[in-house]
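Work through the exercises below with the sequence and the model open. Each task is followed by a solution in steps.

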Amino acid sequence: MRGPNYGALGMTFTLVRGLQAVALIAIIGMTANFISEMVSSNTAPPSVLVGTLVITCIAVLYCAITYILYFDIILPFLLNAIMDSSLLIAVIVVAVTVGKPLSYLNCQAITKTSNDGSSAYAFTESLGSSLDKDGGKVNYSQWAGATKVNCYEMKSIWGMSIALCILFAFSAICSLCLWRRTKNSAPKSVEEA
């Protein structure tokens, strides 16, 4: 199995898709962990985390399918560039929404709230103070600052979301360049007189 030979653009596209997959899977793992802790505490997770999980799951599926199509040399590059741009917009929304309360949060200033140092214990202990009064939903901004672990993990999700913004912009540009390259190198039919 050799795959396509698109030169440096093709290698760049492959590298960017790989980095996107790694960042997306890491975000899914951390976000799912937070949601799991909240659900096990009989608390409804905030919509920002649910939205992050949904968008990243769709993006992982998209990245896998498009790379398979790319490897089989049947990926429509123009459509791929449009879809990458759409995912770029979705990831920008995630990065802004997740980062809004985190930009003012200093993880070093948060003290350890549990005796044994475990994040699950600290999370459960601090959960009562971070609940909204309507419906038992977690107040996202208070919850992110409840423990150092929560703070660092949420800042990691935010940082990876920002990195994904750059990666999806880069893959959209690569797709446009590959589309232009394949369009220009396609054999032109000769009209018979």
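**Exercise 1: helix packing**

Helices α1 and α2 pack with their axes 9 Å apart and at an angle of about 150 degrees. The model is a predicted one, in which local features need pLDDT of at least 70, side-chain atom pairs count only at pLDDT 80 or more, and totals for chains, interfaces and linings use all residues. Residues are numbered from 1 along each chain as its sequence is written, and side-chain values use heavy atoms, with hydrogens and water left out.

Task: classify how α1 lies against α2, then treat α1 and α6 in the same way.

Solution.
- Step 1. Axes are lines fitted to C-alpha atoms, for helices over the stretch in contact, and angles run from 0 to 180 degrees between N-to-C directions.
- Step 2. Angles under 35 degrees count as roughly parallel, over 145 as roughly antiparallel, 65 to 115 as roughly perpendicular and the rest as oblique.
- Step 3. At about 150 degrees, α1 is therefore roughly antiparallel to α2.
- Step 4. Helix α1 (residues 7-40) and helix α6 (residues 148-185) pack at about 155 degrees, with axes 8 Å apart. α1 is therefore roughly antiparallel to α6.
- Step 5. α1 passes α2 in a left-handed crossing, and the crossing of α1 and α6 is left-handed. Left-handed means that the near helix is turned anticlockwise from the far one by less than a right angle; clockwise is right-handed.

**Exercise 2: the chain as a whole**

Task: state how many helices and strands the chain has.

Solution.
- Step 1. Helices (H or I, at least four residues) and strands (E, at least two) are DSSP runs, numbered from the N terminus.
- Step 2. The chain has six helices and zero strands, in the order α-α-α-α-α-α.

**Exercise 3: I58 and K100**

Task: decide whether I58 is buried or exposed, and do likewise for K100.

Solution.
- Step 1. Buried means under 20% relative accessible area, exposed over 50%, partly exposed in between (1.4 Å probe, protein chains only).
- Step 2. I58, in helix α2 (residues 47-71), has a relative accessible area of 51%, so I58 is exposed.
- Step 3. K100, in helix α3 (residues 77-102), has 57% relative accessibility and therefore counts as exposed.
- Step 4. K100 and W158 are 58 residues apart in sequence, and their C-alpha atoms are 9.5 Å apart in space.

**Exercise 4: a loop residue**

Task: where is I73 placed, and what is the value of its phi?

Solution.
- Step 1. I73 is in the loop between α2 and α3.
- Step 2. Phi of I73 is near 60 degrees, a positive value in a residue other than glycine.
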